[in-house]
Amino acid sequence: MKSLNLKSLSFFIALLFSCSLLFTSCEDDMTDEPNFPDTLTEVLADDSELTMIVEAIELTSLTSQLNNTIDGVTIFAPTNTAFNTFLSNAGYYSLSEVPTEDLKKILLYHTLDGNVGSFDLEDGYVNTLAEADVDGAPFLSLRVDPTNNTLNNTTDITSFDIDGIGNTIHVINAVNTIPDVVDAADNDGRLGRLVLELETASLSGDLQTDGPFTIFAPNDDAIQWGTSMGIADVSQILLDHVIAGNFRSEDLSHDILLQSLGMDNVNDYRLRITQIGEETEIKIVEADNTNVAIATVLVTDIQANNGVLHIIDNVIVFPQ
């Protein structure tokens, strides 16, 4: 039997040592694998600028609901700075001071069902997971403008498509509060003249009560044309666009007759809703049942907390 010489023995020992180092290195690599967040709230918490929304989710017991939604959710996440501004404006020092149900509703107003990435966002309205305070509790509407990267015409979307492992996160720079019908008109971006006229006529406060109200809202082009007619009683004209109740598009059946809040029960004028193909028209019904077409509905079902808006292309003026 041949004995190993010193040189061979040294090589063998070096080989064993190298293998030992390789094994240890592999073992370290296995134990030092990065711990990626795997839930929506973990992804949010991983961003130092989004920790307050995680706190809000925990305070409102929404953690399980948002983390375990089968089809995922899309959340517009306000930054910590946005939440601090919201608290300051509302007179609170911390999120824990905000009534739980109010905070929960605000969070759900920033949340959509399913994954809606930046390429799926379209100009218009989306339904949030927050419910309105009206019969039937329809979901509140949120105005999205992907061209200008805004929500409700004022809030900026600063980051898109943060991967939430089955969910989608977009970061925003403000907290959107729950809108009443006047707020919803102001949030739209096409109804500024209506909002101004409501304020001028001292009607805004009345329309910010419980309601519910349905407003056939003339857009800015219509209001500009309408006010040039020299109509004296702006308040009366505006109230002729408001109906008591929350009438969504599915409730506006063909030939339905509606009475506006501007009616004084002196005459028999009513509003008639007619469906012509996919077009919805508003007509004035006179005492002799004569119909006069007055406006076309351009956008339906802008759901606010105390009512709903439908944008129209003309001003409704009842005969005097």
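Predicted model: local features only at pLDDT ≥ 70, side-chain atom pairs only at ≥ 80, totals over all residues.
Two residues are in contact when heavy atoms of each lie within 4.5 Å.

**First stop: asparagine 167.** Please select asparagine 167, which is located in the loop that links β6 (155-163) to β7 (168-172). Is this residue buried or exposed? Its relative accessible area is 6%, and asparagine 167 is therefore classed as buried, the cut-off being under 20%. Next, display its surroundings: beyond the neighbours within four places in sequence, asparagine 167 is in contact with Leu40, Leu66, Gly72, Val73, Asn115 and Ile162. At valine 73, examine the backbone nitrogen, which is 2.9 Å from a polar atom of the asparagine 167 side chain.

**Second stop: the nonpolar cores.** Select Leu44, Ile53, Phe76 and Phe83, the residues with the most contacts inside the largest nonpolar core, a set of 41 residues. At least two residues of this core come from each of α2 (40-45), α3 (51-59), β1 (73-78), α5 (80-90), α6 (100-109), β4 (139-145) and β7. Then centre the view on leucine 44. Which residues does leucine 44 touch, when those up to four places away in sequence are not counted? They are Leu50, Ile53, Val54, Ile57, Ala77 and Ile169. Another core, of 19 residues, lies apart from the largest one; Val181, Ile215, Ala217 and Leu309 are among its members.

Select tyrosine 125 together with arginine 143. Arginine 143 is placed over the face of the tyrosine 125 ring, 5.8 Å from the ring centre. A search for aromatic pairs in the structure returns 0.

Technical notes: Residues numbered from 1 in each chain as written. Heavy atoms only, no water. Helix = DSSP H or I, 4+ residues; strand = E, 2+ residues; numbered from the N terminus. Buried < 20%, exposed > 50% of the residue type's maximum accessible area, 1.4 Å probe, protein only. Polar contact = N/O pair within 3.5 Å; in protein donor to acceptor, adjacent residues only side chain to side chain. Core = buried A, V, L, I, M, F, W, Y, C linked by side-chain atoms within 4.5 Å. Phe/Tyr/Trp six-rings, centres within 6.5 Å; stacked < 30°, edge-to-face > 60°. Lys NZ or Arg CZ within 6 Å of the ring centre and 35° of its normal.
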